[in-house]
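Biologist: I am new to this one. Please show me the structure, and then take me through it in short steps.

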Amino acid sequence: MSTPLSYYLVVSALLFSVGLAGALARRNAVLVLIGLELMLNAANLNFIAFWRYGPHAERLTGLMFVIFSIAVAAAEVAVALALVIAIYRHRHTAQVDRFDSLKG
Amino acid sequence: MESLVKYLWIIPAAPLLAAAAGALLPARRRRLGAGLAIGAMAVAFLLSCAAFFATLQPGRATSNFRWFQFGDTAVQLGWVLDPLGAVMLVMVSFVSLLIFVYSAGYMAGDWNFTRFFCFMSLFGAAMLGLVIANSLLLFFICWELVGLASYLLIGFWFQKPSAAAAAKKAFIVTRIGDLGLFLGMLLLYSKAGTLLFYDGGRGCLEQYAAGSLAASTVISLLIFCGAVGKSGQVPLHVWLPDAMEGPTPVSALIHAATMVAAGVFLIARVYPLMSDQAKEVVTFVGAVTAVFAASIAVAQNDIKRILAYSTVSQLGYMMMGLGAGGIAVGMFHLITHAFFKALLFLGAGSVIHGCHDEQDIRKMGGLRKLMPLTFATYAAGMMALCGVPLFFSGFWSKDAILDAAHQWPVSKAPFYLGLIGAFLTAFYMTRQVCIVFFGKPASEEARHAHESPSVMTVPLAILACLAVVVGFFGTPAWPWFQKYLEGGRPAFDLSKIVAPEQLTVMLLSAGLVFAAILLSGLIYVKAAARPSRETDPLERAQPAVFALLNRKFFIDEIYDATVVRLTAVFARLSDWLDRAFWGGLVRVFSWLVVALACLDRAVDESVVNGGFDAGTETVRGSGKWMSRFQNGQAQRYLRVIGLAFCGLLILLLWGSQ
């Protein structure tokens, strides 16, 4: 046991913060999606870390969970990219702040 | 008989259907309209004959059904087949049939021909319904329908103001009597608990006949009120002479043969519940009416009015016969009178028709040669009405009444009144026949008079035969009619005629009749031959008496001055009360309501509307302000969520310490 758990958690938190900042601040829809992916992966890293340092590390539960999470994230990105392309075709832009037709 | 009574309703239903169909026919379908009415009446007549033959076996059959029910009380209607009803059925349907046929000729020139037959059928239906009714309620319904038909037919020539007034008068005057009948009906219902006449022992008449209920004078007299109105007894006789404004067949059918007989029939029908006092009243009213109307008839100049007063007088005889002698006596005169009075009216119609609608007998004269057939039949009717002995029906029926009055234990006055009436009857009928048919024509119309077509004279001939024949069914020697009504077998016994009691009355009345005919003939044959016929010989002899009779004892004037004026004053008072008092009250209330409404409106517009406007404006403004937060920028929402999450986290961390 060389590296303590808190290191992984700090990396994961940083990763999450970077992803959140990207998702909130970027204008380009694709970059926003990348930010979202970063946040997901930060969560995955947390899963792995807690599984590895947990009481039943031999059972592979954390690993399985993360693999499912990655698969779901891939599907989600596919849908999101299809949406972005559809919106781009319609409005000739991928800038998120121009997508405001849902305002009151 | 039992099986027949179930289908008895078809008899009135046939003319009723004809009336309904006639009401829907266009006015130009004249032949169809008349054919329908005559055909339906012929069907009714044939069925009536069947019913009549069924009643030759003594007995009574009824068919009752429930009309409607409220609470525990069921109102029942029904029909009854008994000799009393059957003989009326045959008489009404037969006379109606003849008069319908006659009308087809008499009314041929009328533009409203189809409607006339519709009304006549309605009348026939109502009258036949009245005859078969086994419930006083059904009787009353038909009774009112008869009144309605009478109103429609008297006012048939409604363009004439006098006809319209006469129709109104007839309707209103008979209504006075009907009120009595209605009250009597209610009272009877409260006493007997049913209005069915015969109901297997439970009917009201059966209760009275069995003695389980004591005859009530009040109920009897109230029901008699209805009969007084309908049958034109004093003091409600005033409408009947005025009803002569209607077409002559109507006068013949309704105001001579059938409808006015309804009152007599009513008394005969409810005879078991008449108390002895009520019978006395009936007898006296009848006797007074008989003399009173006969004396007026002496001084009338309108051919139909003479017959009308004669009808009133004969109805008086019938009432007298009912009161003093019983059902058979009164009903026998009703039947014989129906035939000869229908004959006389139709004969008068023929005369009027031949003289181009002239009704004043002073302008006629000498028609004996111009209208021989009419004269012959009219003479038969006249002799039947006078009661010429042995060969004419009127003699036998009138003799039965006089005989009953003679034997009446209460008083001899009706007998003497009846004798005076018989004398007057013979006198005025002879006068009429002399002036109309003898002497020389007194006007251009009479000079050019012509005999009527055979569609009119054939019914006259048939009725003339019957006016003679019917009498032989009720002679003292062979009282078939009386036994038929009472349900026994007549025995032929010639000695009954020459029984001293009978013979005295018979000889007395016959002597009076002959004296009257001779006297009147002597006076009026001479008068009719004179070129100037304006003044009556009686008028020259006794101008005051003649004027009194000619103006009908001023009864109309007296009613005008008292009852009518009182009613008018009361109506004016009501009118004033209505307009000034109640109207004023209503106006005040309406102003109050209008003022209240104005106030209401002001409050509504300023307070309620303003409040709502302000409220909605506030909601709208705040909504506008709030909607600025929702700008569609998904990232901003996310930012807010992130900030809020951080805030929450910090709060939780702080809270945990």
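Modeller: One definition to start: helices (H or I, at least four residues) and strands (E, at least two) are DSSP runs, numbered from the N terminus. This is a predicted model, in which local features need pLDDT of at least 70, side-chain atom pairs count only at pLDDT 80 or more, and totals for chains, interfaces and linings use all residues. Residues are numbered from 1 along each chain as its sequence is written, and chains are lettered from A and ligands numbered from 1 in the order in which they are written.

Biologist: How many helices and strands does chain A have?

Modeller: From the N terminus on, its elements run α-α-α. The count for chain A is three helices and zero strands.

Biologist: Why is chain A described as more spread out than a compact globule?

Modeller: Compare its radius of gyration, taken over C-alpha atoms, with the globule rule, 2.2 Å times the number of residues to the power 0.38. For 104 residues the rule gives 13 Å, and chain A is well over that, so it is more spread out, with a radius of gyration of 17 Å.

Biologist: What percentage of the residues in chain B is buried?

Modeller: A residue is buried if 20 or more other C-beta atoms, placed from the backbone, lie within 10 Å of its own; it is exposed with 12 or fewer, and partly exposed in between. In chain A, buried residues make up 8% of the 104 residues. In chain B, with 657 residues, the buried share is 52%.

Biologist: What is the radius of gyration of chain B?

Modeller: Its C-alpha trace spans about 145 × 60 × 50 Å along the principal axes. It holds 27 helices and two strands. A compact globule of 657 residues would be near 26 Å, but chain B has 36 Å.

Biologist: How many residues of chain B are in contact with chain A?

Modeller: Two residues are in contact if their C-beta atoms, placed from the backbone, lie within 7 Å. Eleven residues of chain A take part, and in chain B the number is ten.

Biologist: How are α11(B) and α14(B) oriented to each other?

Modeller: Axes are lines fitted to C-alpha atoms, for helices over the stretch in contact, and angles run from 0 to 180 degrees between N-to-C directions. Helix α11 (residues 248-257) and helix α14 (residues 303-325) of chain B have axes that come within 11 Å and cross at roughly 10°. Angles under 35 degrees count as roughly parallel, over 145 as roughly antiparallel, 65 to 115 as roughly perpendicular and the rest as oblique. α11(B) and α14(B) are therefore roughly parallel.
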